[in-house]
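Grab a pencil and work through the exercises below. Try each one yourself before you read its solution.

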Amino acid sequence: MSVKVFIDGSSGTTGLRIADRLAARPEIELLSISAEGRKDVNERAKVINSADLAFLCLPDAASKEVMPLLRPDVKVLDTSTAFRTDAAWDYGFPELAGQKEKIKNSCRVAVPGCYASGFISIARPLVELGLVPAEYPFSCTGISGYSGGGKKMIAEYESPDRPAHSKLDAPKSYGLGLAHKHLPEMQKISGLAHTPMFVPVVCDYYCGMQVLVPLDLTLAGSTAEQVAAGIAGYYKDAATVKVHGLNETLPENGLYSNAMAGTDRMELYLTVNVAGDQMMLVSVFDNLGKGSSGAAVQCMNLMLGLEETEGLE
C-alpha cells in the first residue's frame with residue numbers, strides 16, 4: 001500500500017533533495033500541484049489535506065499561512081524556522097533522548113536548522129548529562145558550503161560571469177550581529193540558560209558543514225574522559241550519528257568541512273589539549289543531508305512507521 005506524500009515548495013534546494021530521495025521509493029506516492037495552484041494557499045492546503053504526510057519547504061511566513069487550513073491529523077514536517085521552538089511541535093532530531101518516540105507519534109515535526117543540528121548534537125548531551133552546567137557560556141563556529149544559502153547564493157557562486165579572482169574565493173563570516181536565525185532553537189533544545197555566541201562562515205564549496213564547539217573543562221567541571229564517555233554513551237544506539245574516540249587520529253591531520261558531503265550521517269570528533277583543561281568538539285555532516293533533507297526523510301520514516309534509515313545515504 002502506497003503512502004501519499006506532498007512536498008510544498010519542491011522547487012527549492014531542500015524540496016528538490018527530498019523529492020530525489022523519495023522518487024525511487026515504491027511505497028511513496030508523490031502528489032503534485034499545478035503551477036497556478038502553487039500560488040494559491042487554499043489549493044496548496046487542499047492537496048496537503050489529501051496526503052498522509054506533507055513536507056513544507058517554504059519561507060516561515062508561507063508555512064504559517066497554510067497551517068491553519070490543514071486537518072489536525074495530517075502529518076506535517078516543516079523545514080523552516082517557523083515552529084522549531086513552538087511547544088506544539090516536536091523537534092526533528094531523533095537521536096536526542098526520548099525524541100524518537102515523540103516523532104513516531106507526532107503529526108507536527110519541525111526539522112532542525114543545519115548549524116543548529118551541529119551545535120545541539122554536542123551541547124544537548126553535555127547539559128542533559130550534567131557534564132556542563134546550563135549556565136556555561138557556550139560559543140561555536142560553523143563552516144558551510146554555499147548551498148546553505150539557497151538558490152540566490154548558489155547562483156552567485158556558480159555564475160559563469162564570476163571573475164577568476166573574486167571575494168567569493170575567500171571564506172566569509174556573517175551573522176556578526178550575533179542574531180542568527182538558528183540561535184533560538186540552539187538555546188532552547190540544548191537547555192541553555194543563555195544564548196550561545198555563534199559565528200557562521202560560508203566557503204567556496206557546494207555542500208558539507210562542520211560546527212566547532214570549544215569547551216573549557218575547568219569551567220565546565222568535567223574531565224575530557226567524562227565528556228567523551230558521556231557523549232559516546234548518549235549516541236551508542238543512534239542510527240545516523242557516530243562518535244569518534246577521544247583524540248582519535250584525525251584524517252589528514254584535520255577535518256575538511258565537506259568530508260560528509262553526499263551523506264545523511266553525522267560524525268563527532270573530540271580532542272583535548274596536553275594539559276587536559278581544554279577540549280574541541282566538532283560535528284561534521286552535510287548541510288543538505290543530516291542538516292536538512294536527510295533529517296526530514298529520517299523523520300518521515302519514523303512518522304510513517306517505516307525503517308528509520310530507509311532511503312538515506
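**Exercise 1: the annotated site**

Cys114 sits in helix α5, residues 114–128 (helices are DSSP runs of H or I with at least four residues, numbered from the N terminus). The model is predicted, so local features need pLDDT of at least 70 and side-chain atom pairs 80 or more, while totals for chains, interfaces and linings use all residues. Residues are numbered from 1 along each chain as its sequence is written, and side-chain values use heavy atoms, with hydrogens and water left out.

Task: find out whether Cys114 is buried or exposed, and what Cys114 is in contact with.

Step 1. The unreviewed UniProt entry puts an "active site" at Cys114; such annotations may be inferred rather than shown by experiment.

Step 2. Cys114 has a relative accessible area of 14%. Buried means under 20% and exposed over 50%, with partly exposed in between (1.4 Å probe, protein chains only). So Cys114 is buried.

Step 3. Skip neighbours within four places in sequence, and the contacts of Cys114 are His182, Met209, Phe285, Asn287 and Gly291 (contact: heavy atoms within 4.5 Å).

**Exercise 2: lining classes**

Task: sort the lining of the largest pocket by class.

Step 1. Learn the classes: Ala, Val, Leu, Ile, Met, Phe, Trp, Tyr, Cys and Pro are nonpolar, Asp, Glu, Lys and Arg are charged, and the others, Gly among them, are polar.

Step 2. The lining of the largest pocket has 14 nonpolar, 21 polar and eight charged residues.

Step 3. Now try the second largest pocket: its lining has five nonpolar, two polar and six charged residues.

Note on methods: Helices (H or I, at least four residues) and strands (E, at least two) are DSSP runs, numbered from the N terminus.
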